[in-house]
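Student: I have a structure to go through with you. Can we take it piece by piece?
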Amino acid sequence: MAVPLRAQPTPKPAPFVRGANAEAGAGPPTVVLLALDGVRWEDVFLGVEADLAEEQGLAPGEVLSARELMPNLHALIETTGTALGAPERGHGVFVAGPEPFSLPGYLELLTSRKDTGCTTNGCAPTTLPTLADDFRAQSGPDDVAVISSWEGIERASARDPSAIIVSTGRSRGSNLDRLRYDPQAAALLDAGAKSGPTPGHGDFRRDKQTAEIALRYLAVRKPHFLFLGLGETDEYAHRDDYRGYLKALQHGDAVIGRVLETLHDLRREGRRTTLFVTTDHGRAAEFIRHGGDAPESARVWLVAAGHGIAARGLAATEAARTLVDLSQTIRHVGDLPPRGGGTPLVELLEDEAARVATR
Ligand SMILES: [Zn+2]
């Protein structure tokens, strides 16, 4: 018998306490982009869907509110962050391209372009410069890391993966030796190599091991840019396992809490720290699938907090926004050159000059 879902404890103290941004010095940036694969805006903002829960044999006590399901994310939204894509808050956030699949979505997020030429999960490695390439251009070889459960993200990671750290899936990546920076780090990488592929396929690595590798890298190596991709939400959804999906989402929320703790420490060292949390695509109304034939699966969501980001809570979008706009926002906050398409999300930015400049 499956272990039931339980409400998670509310984090204490709330991460990113108000005014924390003012503490930030002029040190280098630490930008974390956390992607939770194929997570619906409904679960993020409305909590467990009662009808689907009943259909799947979940107990009434497992129908958690959004805050019970993702306490760290909601504490962040309620204190110092801004969320876009919530119901009845403006025009929504969407994938920009025609096919809401993973590789096209990650390419939008990482290349800041809609026209990536990729509409399936079978695309060749990107030849376009990504956020990772551009963060790398202004930092050192260990300052940019792309770490994910799904091996396919390797193909969206960078035009030049050899210049950064990439660990995608159990065995794929670049410069994996540099993730063995001490015995504990090597042990985490080795544990990851043995963990999977279920609930995924192929070279998929379990989210828990992926997250431990990335969280320790963030705390110890203090990269300027970390992309962390967790994939079990999408995998359990494709198996039509709503409880499995929700548990993977709860794990994602726990990871958010731990990222925030580490960013808090880095901020005290003078780092300018920002966290972005989003997804690569939504899901069809029937939950299991996603794709161009289910246009509702193009709708996504995002949450941001930290340096450069306003505390607006559940904010309204001023127009339909996209993952390309989010990518452009990361460029703006990370002091990267503008490149690709889209415009920084004024709904997220705290600096009024940027707000005016991007209109
Ligand atoms: Zn999928």
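Student: Is L226 buried or exposed?

Tutor: Buried. This is a predicted model, and in it L226 has 1% relative accessibility. The cut-off for buried is under 20%, so L226 counts as buried.

Student: Which element is L226 in?

Tutor: L226 is in strand 7, residues 225–230.

Student: And what does L226 touch, leaving out residues up to four places away in sequence?

Tutor: L226 touches V31, V32 and L33, then A145 and I147, then A214 and L218.

Student: How far is L226 from G57 in space?

Tutor: The C-alpha atoms of L226 and G57 are 38 Å apart. In sequence the two are 169 residues apart.

Student: Switching to the metal. Which residues hold the zinc ion as protein donors?

Tutor: D234, H238 and H290. D234 gives two OD entries, and H238 and H290 each give NE2. The donors lie 2.0 to 2.7 Å from the zinc ion.

Student: What is the geometry there?

Tutor: Irregular. The angles among the four donor atoms of the zinc ion run from 53 to 142°.

Student: What spacing do the zinc donors follow along the chain?

Tutor: D-x3-H-x51-H.

Student: Where do D234 and H290 sit?

Tutor: D234 is in helix 11, residues 232–238. H290 is in the loop between strand 8 (272–278) and strand 9 (299–300). They are 56 residues apart, and the pair links distant parts of the chain.

Student: Are those two buried or exposed?

Tutor: D234 is buried, at 6% relative accessibility. H290 is buried too, at 8%.

Student: On to confidence. What is the mean pLDDT?

Tutor: The mean for the protein is 94. Of its residues, 94% reach 70 or more.

Student: Where is the pLDDT below 50?

Tutor: Over residues 17–22. Beyond near neighbours in sequence, that stretch has 10 contacts in the model. Where pLDDT is low, the predicted coordinates should not be read in detail.

Student: Aromatics next. How many aromatic pairs are there in the whole structure?

Tutor: Seven. One of them is Y181 with Y217. Their ring centres are 5.7 Å apart and their planes are at 70°, so the pair is edge-to-face.

Student: What does the pair of Y181 and Y217 tie together?

Tutor: Y181 is in the loop between strand 6 (172–174) and helix 9 (183–193). Y217 is in helix 10, residues 207–221. The pair therefore ties together parts that are 36 residues apart in sequence. Y217 is buried, with a relative accessible area of 0%.

Student: What about Y242 and Y245, stacked or edge-to-face?

Tutor: Stacked. The ring centres of Y242 and Y245 are 5.9 Å apart, with planes at 25°. Y242 and Y245 are three residues apart in helix 12 (residues 242–268), so about one helical turn separates them. Residues three or four places apart in an α-helix point the same way, because a turn takes 3.6 residues. Y242 is buried at 0% relative accessibility, and Y245 is buried at 0% as well.

Student: Which residues do ring pairs link into a cluster?

Tutor: Y106, W150 and F227.

Student: Last one. Where is S174, and is it buried or exposed?

Tutor: S174 is in strand 6. At 14% relative accessibility, S174 counts as buried. Its contacts beyond four places in sequence are P161, S162, I164, I165 and V166.

Note on methods:
Residues numbered from 1 in each chain as written. Predicted model: local features only at pLDDT ≥ 70, side-chain atom pairs only at ≥ 80, totals over all residues. Heavy atoms only, no water. Donors = N, O, S within 2.8 Å, 3.2 Å for Na, K, Ca; no water. Tetrahedral: all angles 85-135°; square planar, octahedral: opposite > 155°, others 65-115°. Helix = DSSP H or I, 4+ residues; strand = E, 2+ residues; numbered from the N terminus. Buried < 20%, exposed > 50% of the residue type's maximum accessible area, 1.4 Å probe, protein only. pLDDT = per-residue confidence, 0-100. Contact = heavy atoms within 4.5 Å. Phe/Tyr/Trp six-rings, centres within 6.5 Å; stacked < 30°, edge-to-face > 60°.
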